[in-house]
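Please read this briefing alongside the sequence and the model, and follow the named elements as they come up.

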There are 2 protein chains.
Amino acid sequence: MKSILVLGTGLSATYLIDYLEQYCDQHHYVLTLADQTLQIAASKKKSERTQLASIDVTSPELLEKLLEGNDLVVSMLPARFHLNVARLCLKLGIHLATASYLSNEMQALNDEVKSKDLLFLNECGLDPGIDHLSAMQILNTIRAEGGEITSFESFTGGLVAPDCEDNPWRYKFTWNPRNVVLAGSGGAVRFIHNNQYKYIPYHRVFRRTEMVHIPEYGRFEGYANRDSLKYREIYGLDKVETMYRGTFRRPGFSKAWNCFVQLGATDDSYILENSEHLTNRQFINTFLAYHPTDSIELKLRQYLKIDQDDVDLWEKLVSTGIFTDDKVGIPNATPAQMLQAILEKCWTMKPTDRDMIVMWHKIGYTLDTKQYLVESSLVCEGEDAHHTAMAKTVGLPLAIACKLILENKITQRGCILPIHPEIYTPVLKELESFGIVFKEQTTLS
Amino acid sequence: MKSILVLGTGLSATYLIDYLEQYCDQHHYVLTLADQTLQIAASKKKSERTQLASIDVTSPELLEKLLEGNDLVVSMLPARFHLNVARLCLKLGIHLATASYLSNEMQALNDEVKSKDLLFLNECGLDPGIDHLSAMQILNTIRAEGGEITSFESFTGGLVAPDCEDNPWRYKFTWNPRNVVLAGSGGAVRFIHNNQYKYIPYHRVFRRTEMVHIPEYGRFEGYANRDSLKYREIYGLDKVETMYRGTFRRPGFSKAWNCFVQLGATDDSYILENSEHLTNRQFINTFLAYHPTDSIELKLRQYLKIDQDDVDLWEKLVSTGIFTDDKVGIPNATPAQMLQAILEKCWTMKPTDRDMIVMWHKIGYTLDTKQYLVESSLVCEGEDAHHTAMAKTVGLPLAIACKLILENKITQRGCILPIHPEIYTPVLKELESFGIVFKEQTTLS
C-alpha cells in the first residue's frame, strides 16, 4: 500500500485531487490533502478514504512529520516553498512532483536525489508542462524520421472562453493577477531569429507582437517571453536558427497594455507617495505632466500619441475605470499594485465565466532537402468557475505523471523535466481521454 | 605645522592640487599627493615641498600607514573607496573631505565622527557641490527677507564650449562616459510639481524635457534627474510645491538619445551573445526585428517612427557611426558597454577642445503677497584639455573648503554637506576670484 501527500489544495489543484482520489481509491492507497486552511482541503475531499491535514510551512518539524511515511509528495504550494519540501523529501526518501519551474537551488540537489534513487519531477503542469510534453513529442518524432529542426516557436495563453469575452480587452484574470501585471518586466527579452540574436527591452515588448490564427477560435496575438533561449539545450535545439516563446492575448490587448507600460504604471520598484488617498484618475495623473486646466484624458492622449479615432484602444482604457474618481485605497502601494487593484475590479471572472487555454507550436524542419512546417494547437475551455481549463491543464498532467511514478513506470532519477518519452507519451495519451487534444498539421513550406 | 593628504590625483584633481600646493607652500604645511600610479601624482606636483606616495587600496594596513599623521585627507578616489578611507580617518582622528555623494554607510558614522570632534565634509564639488552652495545662499537670503519658497528647479550640465560643438549632438564626453550612457536608468524619476507627485519611467525621461535660455549661451534642454526630492529636507524645502532637478544638454540631444533608450542599447543588465564579433551596424540590428532584405536604417526609422524629413535627428544618429561596419570588439559586453565604446570614438574631446559647465537655478517665492522668481546661472568654460571647467568647478570648492577646515573656520562636526553659511559664503566668495560667478536676476511673476 502506498501513501501520497498533496500539499496545497487551492483552485489549481481541483482536477489533480479528483484524479488522485479516484486512483487511490481503486488501489487502496492513502491520499492525504494538506492545506494551510483545513476547510479548503476539506472542500476538495470527495472520498471517505481521503485524509486531511493542515500545514504550517513555517515549522520544518511539523512539515517533516506530515511528510513522513509517504511515498510521493505533490507540491502545489507557491514555488518559494518547494525547496524546503524538496530537502525534506530528500532526507526522508520520498519522490516529489511539482508543476513549477525547476529552480537552480532545486537543480543543485540533483546528484543527491539520484544517489538516493529518487525522482523529483518539475515543470509538469501546463506552461511549463504540457508545452514540454507536446513540443518534445513533435521534435522527437521529426528527429526519428531523420528531419532537422530549423525553427521553434511556441505560445501559450490563459484567456476567457469566447462567449465570456464581454469586455473590450477580451481578457480577464484567470490566474495570478500580479504575474499578469508584471509580465515581461525584470529584464530584456532574448530570442534568436534566423541565427541572429535579438533583444527587446521591456518598454517595447508589447509593440513587437506576432499574429496567429487558431482554427475555430480566430486570431490571437503573441508577445515574447523573457526566456526564449532557456530551453534550447534542454530540447536539444542548440543549432536551431529561430527560437521564440511567447504569451497569447486577443488582438489589440498588447497595444492597449503598452499604454500602462509607457506611463510607468506597471513599475513595481518604488512606493507611490500618498497612495492610499489616490483615486484611479489621480493615479494615472501621477505619470502625466502637471497642468492647471488640461484634462487627464487629453494629456494622456497627447503623451502616448493616441489618435482621436483610435476608438478600440480608447474604449479599452476607459473600460478599466482608470479615469474614474474611485479610490484605490492601498497604503504604501507600488504603481503595479495600484494598477492590479484597479484591474481586479473589471477583470475578475464572474461565477458563470469560463476560462480558456490556448497553446500553439510552430516547428520548421528540413527532411530530404524539403522544408516542412508543423503547426500544433491546443484549445481547452473551462467548465465553470471551479472547473477551470487552467486547473485542468495544470493538474491533470501532474496527476497522470504521479500515477506513472507510483507504478514505477518512470526510470529517470534526479531532478528532471517531463521531456522524456517514458513520461510524455503516456501522459499525452491519457490527456486525450480528458479532451486535451492537440490538432496538428504539417505543410510544405 | 599641518599635513594634508590628497588621495587620487587624476584629471579632476588638477585645480584642487594647484590650489592646495600654493596654500601649503605659503603656510609651510606638508602636502602629500597619493595615487595608485605614482607617475600621475608626480605629473601634478609643481612644488618641491610636495611629497608623493603610491596607494594600494587593497591593503588597509598600507592605507592606514599613509593616512597616519595627517590632519586632513581629501579623497578624490572613486566613491566606492570612501568608506574605507572614512573608517581609517575616524580611527586616526583625521578630518575628511570629498566631492562625492554622502552615502548611507558614511552617514551612519555621523555620531562617531561627532564624538571624536571630526568633520567629514561630503558633496563639496560641482554637482553635488556648487549646486548646494549657490542654492542655499539664495534660499537663505530669501528666508532672511521673510520670503516663502514655493518652487525650486535646478539643472547642471557638463558640456563642450560653444566653439568646440563640432558634432551634431553639440556634446562630447567631458566626464565619466559610463555615467552618461547610464544616465536616468536604474529606477523611475520622482519629483513634485504644484504639490502633485510626478513619476517618469526611464524609457520616458528623455521625452519629458524642459527648455531653458541662458544669456549669451543660448538654449539648453534639461531632463529630470532621479533624485529630485532628495534634497527637500536638507534644503529645508519640505513644503515646497515644485521641486525638480535635472541635467542640461543642447536642444535635440534628448530626443536623439531617446532612440538608444528605445532600442534598449543603454541596457547594462545582460551580456550580448557574441559581442566581440558584432559590428556597430550588427549591434543596432540586434534590437530590430529580423528581415532578410530590409535595411537596418529603414527598420530603425519604422520602429522608432523617425520621419524621413527629421534630418536633425537622423544626422545625429548617423554621426555616431552606428550604421558603419566598424567592429566594436569587446567580448562579453552589455549593450551599454557597446554603445559607450561606439560613442567614445566620436565624442572624445580633442586636445584642443574645451569643456563647459552650465548650472541654472529657478526659485519661486512669495513675499508680502507678491510672487517673485529668481533665476541664477553659472557658465564656466575650460581652458584646455587639462584645465577643464569640470576639474575647476569640482576641485576649487573642495580646495577652498579644505582651507577653511585647516583654518578652523568650520564649526560643524560630523558627516555634513556644504549647506551652512559658514561654508557657502566664503567658498562662493573666493570662487568668484577664479571667475566662477553666478548671474542672478529677480523678477515679479
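## Sheets, helices, salt bridges and the chain pair

Helix H3 (residues 60-67) of chain A lies across S1, S2, S3 and S4 of chain A, and its direction makes about 140 degrees with that of S1(A). Helices (H or I, at least four residues) and strands (E, at least two) are DSSP runs, numbered from the N terminus; axes are lines fitted to C-alpha atoms, for helices over the stretch in contact, and angles run from 0 to 180 degrees between N-to-C directions. This is a predicted model, in which local features need pLDDT of at least 70 and side-chain atom pairs count only at pLDDT 80 or more, whereas totals for chains, interfaces and linings use all residues. Residues are numbered from 1 along each chain as its sequence is written, chains are lettered from A and ligands numbered from 1 in the order in which they are written, and side-chain values use heavy atoms, with hydrogens and water left out.

**The sheet in chain A**

- Seven strands of chain A form an open sheet with parallel pairing, in the order S3-S2-S1-S4-S5-S6-S15, where two strands pair if DSSP finds at least two bridges between them.
- S3 and strand S15 (414-416) of chain A stand at the edges with a single partner strand each, so one side of each is left without a neighbour in the sheet.
- Neighbouring strands of this sheet are turned against each other by 20 degrees on average, direction ignored.
- Within the sheet, S1(A) and S4(A) pair in the parallel sense over four bridges, and A:Leu5 stands opposite A:Val73 in S4(A).

**The sheet in chain B**

- In chain B, an open sheet of seven strands has the order S3-S2-S1-S4-S5-S6-S15, and its pairing is parallel.
- Its edges are strand S3 (51-54) and strand S15 (414-416) of chain B, each with a single partner strand, so one side of each is left without a neighbour in the sheet.
- Strand S4 (residues 72-75) and strand S5 (residues 95-98) of chain B pair in the parallel sense over four bridges, and B:Val73 has B:Leu96 in S5(B) as its bridge partner.
- H4(B) packs on this sheet, touching strand S1 (3-7), S4, S5 and strand S6 (119-121) of chain B, and its direction makes about 160 degrees with that of S5(B); contact means heavy atoms within 4.5 Å.

**Helix H1 of chain A**

- The 14 residues of H1(A) should span 20 Å at 1.5 Å a residue, and its end C-alpha atoms are 20 Å apart, which agrees; the expected span of a helix is 1.5 Å times one less than its number of residues.
- Of the 14 residues of H1(A), 10 are buried, so the helix is largely enclosed by the rest of the structure; buried means under 20% relative accessible area, exposed over 50%, and partly exposed in between (1.4 Å probe, protein chains only).
- Among the buried residues of H1(A) are A:Tyr15, A:Leu16, A:Ile17, A:Leu20 and A:Cys24.
- The cover over the buried residues of H1(A) includes strand S1 (3-7), strand S2 (30-35), H2, strand S4 (72-75), helix H15 (389-406) and helix H16 (421-432) of chain A.
- Just after H1(A), A:His28 takes a positive phi of about 55 degrees.

**Salt bridges**

- Over all chains, the structure holds 40 salt bridges, each being a side-chain nitrogen of Lys or Arg within 4 Å of a carboxyl oxygen of Asp or Glu.
- A:Arg49 forms a salt bridge with A:Asp25, with the closest N and O atoms 3.2 Å apart. The pair links the loop between helix H2 (38-44) and strand S3 (51-54) of chain A, which holds A:Arg49, to helix H1 (residues 14-27) of chain A, which holds A:Asp25, the two residues being 24 residues apart.
- A:Arg49 is partly exposed at a relative accessible area of 33%, and A:Asp25 is partly exposed at 28%.
- In chain B, the side chains of B:Lys91 and B:Glu64 meet in a salt bridge (3.0 Å, N to O). This pair links helix H4 (residues 82-92) of chain B, where B:Lys91 lies, with helix H3 (residues 60-67) of chain B, where B:Glu64 lies, 27 residues apart.
- B:Lys91 counts as exposed at 54% relative accessibility, whereas B:Glu64 is buried, with a relative accessible area of 17%.
- A network of salt bridges links A:Asp166, A:Lys172, A:Lys350 and A:Asp353.

**The two copies**

- Chain B can be laid on chain A with an RMSD of 0.1 Å by a turn of 180 degrees and a shift of 0.1 Å along the axis. The two copies are thus related as by a two-fold rotation axis, the superposition being by least squares on the C-alpha atoms of residues with pLDDT of at least 70 in both.
- In chain B, the C-alpha nearest the axis belongs to B:His203 and is 3.5 Å from it.
- The copies meet through the same surface, because 97% of the interface residues of chain B are also interface residues in chain A.
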